[in-house]
Amino acid sequence: MTMTSVNRGRTVRGTALAAAVPLLLVAACSSGSGSSGSEDGEIRMLVNLTDNLDQAYWEKLVEPFEEKTGLKVKIEGPTGKSVAESFPQQLAAGTAPDVIQSVFPDDDTAPELIDLSGEAWAKDTPMFDEYAMGEQHYAVGVGTQTQSLVFYNKSAFEKAGISEPPTTWDELAEDLADLKKAGYTPMQTAGDYQTGLQLQQIYHPTLNQLHPKWQTAVDQEKLSAGDAYKPAFQLYADWIKAGYINKSDVGLSPSQADGNFIAGKVGLYTNGSWFAATLNKSTDLPFEVGVFSPPAADGQAHPGPQGATMANPYMIRKGVADEDGAKQLVEYLVTDPKAIEAQLGSDGVFRKDSGLEQTEIDAQIQGVLDEAPALVAVGEGQGNVRLPVTGFNPKFTEVAQSLYTGASPADAAGAIDQWVDENR
């Protein structure tokens with residue numbers, strides 16, 4: 001997911017996977033005239049269409065809103081490959097929709113969007129403040145995708161004599177050694193984007209305990225990315241050397257790595273909340289799945305901050321024919337309990353203190369989310385907490401993979417620092 005560098009790398013044009021989770025009952029659509037949303041009386045909403053979130057899904061989602069308000073919503077798919085590609089093109093052509101789903105504002109699109117800071121219904125939506133740009137809030141979301149999760153095989157833990165999940169890095173190292181002795185792959189990894197992503201995911205809580213808002217510190221040159229991640233590179237190199245990670249795993253696809261865990265061959269598997277959807281579909285798992293938050297920094301309380309991203313965001317274009325109607329629609333989508341529940345279930349999206357009935361795996365993830373002391377920016381960052389570069393995640397994966405082929409942690413730290421310096 002390489003991004004184009006604009007304004008010292010400040011462009012943060014990202015997509016969020018669709019889905020969500022519930023909230024308290026808010027009287028959505030309680031105000032407004034119900035006047036026409038556009039020249040043909042419709043509020044146009046641009047959404048990403050997928051196999052499961054198809055045209056019929058979206059039309060069914062907004063149907064109660066239409067019946068309650070008398071407003072008509074026109075669901076539109078991307079004119080290009082995605083909403084992220086289509087929306088800027090439509091803005092330039094003067095054909096942009098009223099409501100935009102699945103992308104975040106950036107320095108180029110923010111001036112074309114309505115600031116929702118003054119909307120009382122928006123303030124309690126997930127990660128509202130974390131996605132602010134300056135003092136403005138252009139995006140509201142349905143839930144979050146929780147990133148810093150470790151899935152584990154409870155049968156493997158029992159066989160290895162491990163009584164409970166680790167909360168420190170020393171405990172984790174001991175558990176990996178015991179899992180190896182018990183005949184399991186201690187920690188499952190993969191190639192492609194997942195190599196770097198997993199290392200970031202498992203290290204998010206510690207990194208954000210040691211260096212809160214570390215992306216901002218790197219931007220202000222108070223911290224280097226290499227210094228921030230050198231301890232993580234050391235951990236990873238140690239795991240490779242000890243055989244806790246199979247060197248051949250770097251040649252696996254993420255789906256193959258998923259399969260190894262599902263087959264019961266693996267002790268630990270770092271992944272995001274979206275993996276829950278895959279596990280929930282696997283009705284004949286040969287073991288019980290556990291989920292825990294990664295270890296905390298030495299001397300710090302467990303659990304640490306949870307890496308997360310806003311999921312299923314919505315934005316409203318400035319200058320729409322029926323601004324009130326567009327706001328009513330977005331309010332309904334992100335606060336109405338039935339609308340939220342209808343959006344739940346795809347790609348492992350959760351909402352803090354949701355109170356929904358969930359699968360056992362989902363309930364454990366919900367517990368991690370509810371217990372997290374904070375939700376923090378991941379990768380390049382978001383809103384006001386951002387690195388001064390774009391394309392960090394692919395580069396980080398490249399650097400993490402170099403540890404498989406003999407690069408030292410110091411080499412890896414130096415490589416990431418050099419890349420940041422060259423691309424500021």
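Which residues gather in a patch of negative charge on the surface? In this predicted model, the patch consists of Glu164, Asp170, Glu171, Glu174 and Asp298. Glu174 belongs to helix H4, which spans residues 169-181.

The largest nonpolar core holds 47 residues. Trp214, Tyr229, Phe233, Trp239 and Leu268 touch the most other members. Several elements each supply at least two residues, among them strand S5 (149-153), H4, helix H5 (194-210) and helix H14 (409-423). Helix H7 (225-242) is also on that list. H7 gives the most to this core, with eight residues.

Nine salt bridges were found in a search of the whole structure. One joins the side chains of Arg44 and Glu76 at 2.6 Å, N to O. This pair links distant parts of the chain. Arg44 lies in strand S1 (residues 42-46) and Glu76 in strand S2 (residues 72-76), 32 residues apart. Glu76 is buried, at 14% relative accessible area.

A salt bridge also forms between Asp107 and Arg386, at 3.9 Å, N to O. Asp107 sits in the loop between strands S3 (99-101) and S4 (140-146), and Arg386 in strand S12 (residues 385-386), so the pair ties together parts 279 residues apart in sequence. Asp107 is partly exposed, with a relative accessible area of 24%, whereas Arg386 is buried at 9%.

Within helix H13, Glu398 and Lys395 are three residues apart, and therefore separated by about one helical turn. Their side chains meet in a salt bridge of 2.9 Å, N to O. Glu398 is partly exposed at 47%; Lys395 counts as buried at 18%. Elsewhere, Glu119, Glu323 and Lys327 are linked in a salt-bridge network.

Notes. Residues numbered from 1 in each chain as written. Predicted model: local features only at pLDDT ≥ 70, side-chain atom pairs only at ≥ 80, totals over all residues. Heavy atoms only, no water. Patch = residues over 30% accessible without salt bridge, like charges linked within 9 Å, V, L, I, M, F, W, Y side chains within 5 Å. Areas by Shrake-Rupley, 256 points an atom, 1.4 Å probe, with all protein chains shown as cover. Salt bridge = Lys/Arg side-chain N within 4 Å of Asp/Glu carboxyl O. Lys, Arg positive; Asp, Glu negative; His and termini not counted. Charge placed at Lys NZ, Arg CZ, Asp CG, Glu CD. Helix = DSSP H or I, 4+ residues; strand = E, 2+ residues; numbered from the N terminus. Core = buried A, V, L, I, M, F, W, Y, C linked by side-chain atoms within 4.5 Å. Buried < 20%, exposed > 50% of the residue type's maximum accessible area, 1.4 Å probe, protein only.
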